[in-house]
Amino acid sequence: MARPRYPKSTGPPPPPLPPITRTVGQLVAETVKTYGEHWKAGLVIGLPAAILSAAATGFTRAETLAIVPFAGGIATTASYVIASGVVGGVSLRSRRVVPAAIVGVLVYLPFPLLAALFVLPGIAWFALVGLAVPAAIREDLGVRAALRRGVELGRADFGHAFFGLVTLTLVVFLTQIAAAMLLQGFADNSERAAAFLAGLVLSPVLFIGAALLYVDQAARVGTTRAERLAVRVAPRDSAQ
């Protein structure tokens, strides 16, 4: 039986869609590309989350509920602020970092309660408000202005923001579990060391992706779904 033959690609891959029409899949692909271009900074982004993951390994439920929400706010904010600066090309010595850090902590406060009920409400909260952190970094905003801008960005295309964060979370969570199991089982690492290494390498995907999501949502502010669809279809029509 003859094998089927598939046409070979003779040209370069198609250019990525602009942020206003970027799909969730392209957001993930662009995240991985950006991580590859800034992998050293990516390890710095992953360090707070990795330390938290390693420290929380072996905690009892009571200890986790008492410690992780507070430590998680610090670790998540630190990683998110660093990622927003790296993606936006803003120095972490800038005065914009302080308002962004305050905003990050404020945005994180309701998350443990929402995530305890079910993780999706927590992700929905971040989709609606969480882009205030990169907004503070990129647009040099104060705390109140950044929070208002975060809501504006989240509402610009809430579906894209929500499903983008859900996809990034699933990619990181599932890959991190698999990597931790492999590191622990085949490299003779302790559970805590495996959690640290997996968090260090994989968690930056979530924070870099969220920082890139800001770019998508900023481009969509003031547009309708029909207008975004028209922009997406227009290049196809012109190619024909």
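User: Is His-160 buried or exposed?

Analyst: Let's start with the idea. Buried means under 20% relative accessible area, exposed means over 50%, and partly exposed lies in between (1.4 Å probe, protein chains only). His-160 has 7% relative accessibility, so it counts as buried. Before we go on, please note that this is a predicted model, in which local features need pLDDT of at least 70 and side-chain atom pairs count only at pLDDT 80 or more, while totals for chains, interfaces and linings use all residues. Residues are numbered from 1 along each chain as its sequence is written, and side-chain values use heavy atoms, with hydrogens and water left out.

User: Where does His-160 lie, and which residues does His-160 touch?

Analyst: Helices here are DSSP runs (H or I, at least four residues), numbered from the N terminus. His-160 belongs to helix 9, residues 158–186. Contact means heavy atoms within 4.5 Å. Not counting residues up to four places away in sequence, His-160 touches Arg-22, Thr-23, Val-24, Leu-213, Asp-216, Gln-217 and Arg-220.

User: How many salt bridges are there?

Analyst: A salt bridge is a side-chain nitrogen of Lys or Arg within 4 Å of a carboxyl oxygen of Asp or Glu. By this rule there are five salt bridges. One of them joins the side chains of Arg-22 and Asp-216, at 2.4 Å from N to O. Arg-22 sits in the segment before helix 1 (24–37) and Asp-216 in helix 11 (residues 204–220), so this pair ties together parts that are 194 residues apart in sequence. Arg-22 is buried, with a relative accessible area of 8%, and Asp-216 is buried at 0%.

User: Which residue does Arg-220 meet in a salt bridge?

Analyst: The partner of Arg-220 is Asp-157, with a distance of 2.7 Å from N to O. This pair also links distant parts of the chain: Arg-220 is in helix 11, Asp-157 is in the loop between helix 8 and helix 9, and they are 63 residues apart. Both Arg-220 and Asp-157 are buried.

User: Where do Glu-152 and Arg-149 lie?

Analyst: The general idea is that an α-helix has 3.6 residues a turn, so residues three or four places apart point the same way. In this structure, Glu-152 and Arg-149 both lie in helix 8 (residues 143–156), three residues apart, about one turn of the helix. They form a salt bridge whose closest N and O atoms are 2.8 Å apart. Glu-152 is partly exposed at 39%, whereas Arg-149 is buried at 17%. Together with Glu-139, these two residues are linked in a network of salt bridges.

User: How many aromatic pairs does a search of the whole structure find?

Analyst: Rings of Phe, Tyr and Trp (its six-membered ring) pair if their centres lie within 6.5 Å; planes under 30 degrees apart count as stacked, over 60 as edge-to-face and the rest as tilted. The search finds four aromatic pairs. Among them, Tyr-108 and Phe-111 have ring centres 5.7 Å apart and planes at 40°, so this pair is tilted. Tyr-108 is buried at 10% relative accessibility, and Phe-111 is buried at 18%. Phe-158 and Phe-162 have ring centres 5.9 Å apart and planes at 15°, so this pair is stacked. Phe-158 and Phe-162 both lie in helix 9, four residues apart, about one turn of the helix. Phe-158 is partly exposed at 34%, while Phe-162 is buried at 16%. There is also one aromatic cluster formed by Tyr-108, Phe-111 and Phe-126.

User: What is Thr-31 in contact with, leaving aside its neighbours within four places in sequence?

Analyst: Thr-31 is found in helix 1 and is buried, at 0% relative accessibility. With those neighbours set aside, Thr-31 is in contact with Leu-168, Val-205, Ile-208, Gly-209 and Leu-212. A further example of sequence and space is Thr-31 with Ala-211: they are 180 residues apart in sequence and 9.1 Å apart in space, C-alpha to C-alpha.

User: Which residues are buried in helix 10?

Analyst: They are Ala-194, Ala-195, Ala-198, Gly-199, Leu-200 and Leu-202. As for its length, the expected span of a helix is 1.5 Å times one less than its number of residues. Helix 10 (residues 191–202) has 12 residues and reaches 16 Å from its first C-alpha to its last, close to the expected 16 Å.

Terms used. Helix = DSSP H or I, 4+ residues; strand = E, 2+ residues; numbered from the N terminus.
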